[in-house]
Amino acid sequence: MNTDLISKTSGWRGSRDIWVQAAYEALLDGGIDAVKVMPLADRLGLSRTSFYGHFSNRQDLLDALITLWQTKNTGNLVQQTEAYAETVTEAMLNIFDLWLMPELFDSRLEFAVRNWAHTDPQLAKLLNEADQVRVEALEALFLRFGDAPQYASVRANTVYQTQIGYISMKEDGPSEPLEPRLARMPHYAEIFTGKPVSDAEIARFRARHPLV
């Protein structure tokens with residue numbers, strides 16, 4: 001982070017977004033114990049007093065991180081389940097966009113929040129609620145394309161638990177090359193939906209995720 005640029009462009013107090021970004025980076029780098037006011041102030045080259053120009057206390061900053069996670073990961077997942085698709089396999093490939101595009105779903109943030117929830121009962125409750133909202137959104141996707149309720153529920157849970165398990169395997173998120181992941185995704189889509197993916201759907205999906 002360029003603290004000289006921050007100081008020049010944001011004034012002596014910085015901005016709320018700058019503090020949240022610094023807290024986000026600290027959370028990813030060192031876990032929730034690294035998100036403390038003085039280390040963040042040092043990281044930004046700002047004073048401790050400037051922090052209180054934007055936040056009432058540390059918990060206020062932590063709440064902003066939780067809101068970021070809820071908006072980005074849960075909000076975007078729900079949005080992707082509702083994205084236009086002509087077939088259930090195309091809809092599933094829309095979901096797979098989440099796992100390939102950090103701007104839609106931040107796997108590193110997801111991992112960090114899940115670790116944080118082990119020591120924060122209130123966050124653990126919010127995490128459970130988020131899991132439920134996400135699974136219900138996936139279930140609604142399958143119902144929309146004609147699955148019986150019992151199949152929709154099982155498929156939604158399978159899709160979700162597979163990906164959360166994948167994220168949980170590595171702190172920095174999945175690190176294997178993109179090509180093997182892309183090559184497997186039509187097979188995952190067929191397994192999750194019970195229907196083959198068309199060549200046209202694969203072509204459109206790959207066009208969204210070029211290798212270079």
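1. **Aspartate 147 and arginine 155.** In this predicted model, aspartate 147 and arginine 155 join their side chains in a salt bridge, with N and O 2.8 Å apart. Is aspartate 147 buried or exposed? Aspartate 147 has a relative accessible area of 18%. The limit for buried is under 20%, so aspartate 147 counts as buried. Arginine 155 turns up again in the next point, as a contact of threonine 193.

2. **Threonine 193.** This residue sits in helix α10, which covers residues 178-193. Threonine 193 is buried, and its relative accessible area is 4%. What does its side chain reach? The side chain of threonine 193 comes to 2.7 Å from the backbone oxygen of alanine 189. Beyond its neighbours within four places in sequence, threonine 193 touches Val88, Thr89, Met92, Phe142 and Arg155.

3. **Arginine 206 and glutamate 179.** Helix α10 also holds glutamate 179. A salt bridge joins the side chains of glutamate 179 and arginine 206, at 3.1 Å from N to O. This pair ties together distant parts of the chain: glutamate 179 is in helix α10, arginine 206 is in helix α11 (residues 199-208), and 27 residues separate them. Glutamate 179 is partly exposed, at 33% relative accessibility. Arginine 206 is partly exposed too, with a relative accessible area of 29%.

4. How many salt bridges are counted? The count comes to ten salt bridges. One of them pairs arginine 134 with glutamate 110, where the closest N and O atoms are 2.8 Å apart. Again the partners come from distant parts of the chain: arginine 134 lies in helix α8 and glutamate 110 in helix α7, 24 residues apart. Both arginine 134 and glutamate 110 are buried. Some salt bridges share partners, and these join Glu110, Arg114, Asp131 and Arg134 into one network. As a general point, side chains of opposite charge can pair when their charged atoms come close.

5. **Helix α7.** Look at this helix next. Helix α7 spans residues 107-117 and is mostly covered, with nine of its eleven residues buried. Among the buried ones are Leu109, Phe111, Val113 and Trp116. Which helices cover them? The cover over the buried residues of α7 includes α2 (16-30), α5 (58-81), α8 (121-144) and α9 (149-168). At the start of α7, a side-chain oxygen of aspartate 106 comes within 3.2 Å of the backbone nitrogen of arginine 108.

6. **Asparagine 94.** Find this residue in helix α6, residues 88-100. Asparagine 94 is buried, with a relative accessible area of 7%. A polar atom of its side chain lies 3.1 Å from the backbone oxygen of tyrosine 84. Which residues does asparagine 94 touch, leaving out those up to four places away in sequence? They are Gln80, Ala83, Tyr84, Ala85 and Arg208.

7. **The domain interface.** About 850 Å² is buried between domain 1 and domain 2, and carbon and sulfur atoms give 75% of that area. Which residues of domain 1 lose the most area to domain 2? They are Tyr24, Leu27 and Leu28, which together make up 59% of what the domain 1 side buries. No salt bridges are counted between domain 1 and domain 2. One residue pair is in polar contact across the interface of domain 1 and domain 2.

8. **The whole chain.** Now step back. The chain has eleven helices and zero strands. Its C-alpha atoms fill a box of roughly 60 × 40 × 30 Å along the principal axes. Of the 212 residues, 43% are buried. Among contacts in the chain with a separation of 6 or more, 67% are between residues 24 or more positions apart.

Definitions and conventions
Residues are numbered from 1 along each chain as its sequence is written. This is a predicted model: local features need pLDDT of at least 70, side-chain atom pairs count only at pLDDT 80 or more; totals for chains, interfaces and linings use all residues. Side-chain values use heavy atoms; hydrogens and water are left out. Buried area is the accessible area (1.4 Å probe) that two parts lose on being put together, summed over both. A salt bridge is a side-chain nitrogen of Lys or Arg within 4 Å of a carboxyl oxygen of Asp or Glu. A polar contact is a pair of N or O atoms within 3.5 Å; within protein, one must be able to donate a hydrogen and the other to accept it, and residues adjacent in sequence count only if both atoms are side-chain atoms. Helices (H or I, at least four residues) and strands (E, at least two) are DSSP runs, numbered from the N terminus. Buried means under 20% relative accessible area, exposed over 50%, partly exposed in between (1.4 Å probe, protein chains only). Contact means heavy atoms within 4.5 Å.
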